[in-house]
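Student: I have a model open and would like to go through it step by step. Can we start with the overall picture and then turn to single residues?

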Amino acid sequence: IEMDTVYNDGTNGPFMQTFKFIDYGFLFATFSTTKTQEDMINGFETLYNILGDQLFKRYIILTKTDRGSEFICANKFETAPDGSKRCLVYYCDPMASHQKGSLENNHEELRFFFPKEKNLYDLGLTSQQNLNIVLSHINSYTKEKLKGKSAFEYLKFFAPALYQKFIDFGIKEIPHDEVTLNNSVLK
């Protein structure tokens, strides 16, 4: 996976910790009101708890992220609660966000809902539930690079157990003709 944060106001939030499952084009994100190391570790733990140890270790072997101060505790991301190694963390070179370009492209999709220089709270980013609505639409959107399929369709076909975990968490597959890529879905 690739991991990053998205926000508009670095001091007041809110913040989205983003995770891209490269093989499936699937975007997951957690909501946070602050952007500390602890918040990012908690976001990673949320993903770990959603998937459980076995699925997490099966699907998240390597995590690539940038060198932001919120991600410097690699050992806390790499170590499961029982002390075992759950994945490896690699950092992009400085000023080389293109090294996690797949995730950066998904950030552009998040910007359809949350344009830069706007108050994200005012746009409706107030909870994980609202973020899940946005993720539902992004992951249900068909894409040329996925051969006309959505990330949800890829995930459901290639990793049905993973698909079910995200459904259970509240990210729902939206019918293609109901997908909306703007923040009107939060109003």
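**Overall fold**

Tutor: Of the 187 residues of the protein, 50% count as buried. Keep in mind that this is a predicted model.

Student: How many helices and strands does the protein have, and in what order do the elements run?

Tutor: The protein has 6 helices and 7 strands. Read from the N terminus on, the order is β-β-β-α-β-α-β-α-α-β-β-α-α.

Student: What is the radius of gyration of the protein, and how does it stand against the globule rule?

Tutor: The C-alpha trace spans about 45 × 40 × 30 Å along its principal axes. For 187 residues the globule rule gives 16 Å, and the protein comes close to that, so it is as compact as a globular protein of that length. The radius of gyration is 16 Å.

Student: Among contacts between residues at least 6 apart in sequence, what share joins residues at least 24 apart?

Tutor: A contact here means heavy atoms within 4.5 Å. Of the contacts between residues at least 6 apart in sequence, those that join residues at least 24 apart make up 65%.

Student: Where does helix 1 bend?

Tutor: Helix 1 has 23 residues, and a straight helix would reach 33 Å at 1.5 Å a residue. Its end C-alpha atoms are only 23 Å apart, short of that span. The helix bends by about 110°, and the residue at the bend is Gly52.

Student: What does helix 4 reach from its first C-alpha to its last?

Tutor: Helix 4 covers residues 128-140, which is 13 residues. At 1.5 Å a residue, 18 Å is expected, and the helix is close to that. From first C-alpha to last it reaches 18 Å.

Student: How many residues of helix 4 are buried?

Tutor: The buried residues include Leu131, Val134, Leu135 and Ile138, and also Gln128, Asn130 and His137. Helix 4 is largely enclosed by the rest of the structure, because its buried residues number 11 of the 13.

**Aromatic rings and a charge**

Student: How many aromatic pairs does a search of the whole structure find, and what kind of pair do Tyr24 and Tyr59 form?

Tutor: The search of the whole structure finds 18 aromatic pairs. In the pair of Tyr24 and Tyr59, the ring centres are 6.3 Å apart and the planes are at 65°. Planes over 60 degrees apart count as edge-to-face, so the pair of Tyr24 and Tyr59 is edge-to-face.

Student: Which parts of the chain does the pair of Tyr24 and Tyr59 link?

Tutor: Both Tyr24 and Tyr59 are buried. They are 35 residues apart, and the pair links distant parts of the chain. Tyr24 is in the loop between strand 2 (15-21) and strand 3 (26-32), and Tyr59 is in helix 1 (residues 37-59).

Student: Which rings does the charged end of Arg86 sit over?

Tutor: The charged end of Arg86 is 4.7 Å from the centre of one ring, that of Tyr48. It is also 5.6 Å from the centre of the ring of Phe56. The charged end of Arg86 sits over the rings of Tyr48 and Phe56.

**Single residues in loops**

Student: Is Ile61 buried or exposed, and which residues is it in contact with beyond its neighbours in sequence?

Tutor: Ile61 lies in the loop between helix 1 and strand 4 (62-65). Its relative accessible area is 58%, so it is exposed. Leaving aside neighbours within four places in sequence, Ile61 is in contact with Cys87 and Leu88.

Student: Is Ser127 buried or exposed?

Tutor: Ser127 is found in the loop between helix 3 (101-113) and helix 4. Thr30 is 97 residues away from Ser127 in sequence, yet 9.1 Å away in space, C-alpha to C-alpha. With a relative accessible area of 16%, Ser127 is buried.

**Backbone**

Student: What is phi of Glu117, and what is phi of Lys147?

Tutor: Most residues other than glycine have a negative phi. Glu117, in the loop between helix 3 and helix 4, is exposed at 81% relative accessibility. Lys147, in the loop between strand 6 (142-143) and strand 7 (149-150), is exposed at 69%. Both values are positive: phi of Glu117 is near 65°, and phi of Lys147 is about 60°.

Notes
Residues numbered from 1 in each chain as written. Predicted model: local features only at pLDDT ≥ 70, side-chain atom pairs only at ≥ 80, totals over all residues. Heavy atoms only, no water. Phe/Tyr/Trp six-rings, centres within 6.5 Å; stacked < 30°, edge-to-face > 60°. Helix = DSSP H or I, 4+ residues; strand = E, 2+ residues; numbered from the N terminus. Buried < 20%, exposed > 50% of the residue type's maximum accessible area, 1.4 Å probe, protein only. Lys NZ or Arg CZ within 6 Å of the ring centre and 35° of its normal. Expected span 1.5 Å × (residues − 1). Bend = angle between axes of the 7 residues up to and from the residue. Rg over C-alpha atoms; globule rule 2.2 N^0.38 Å.
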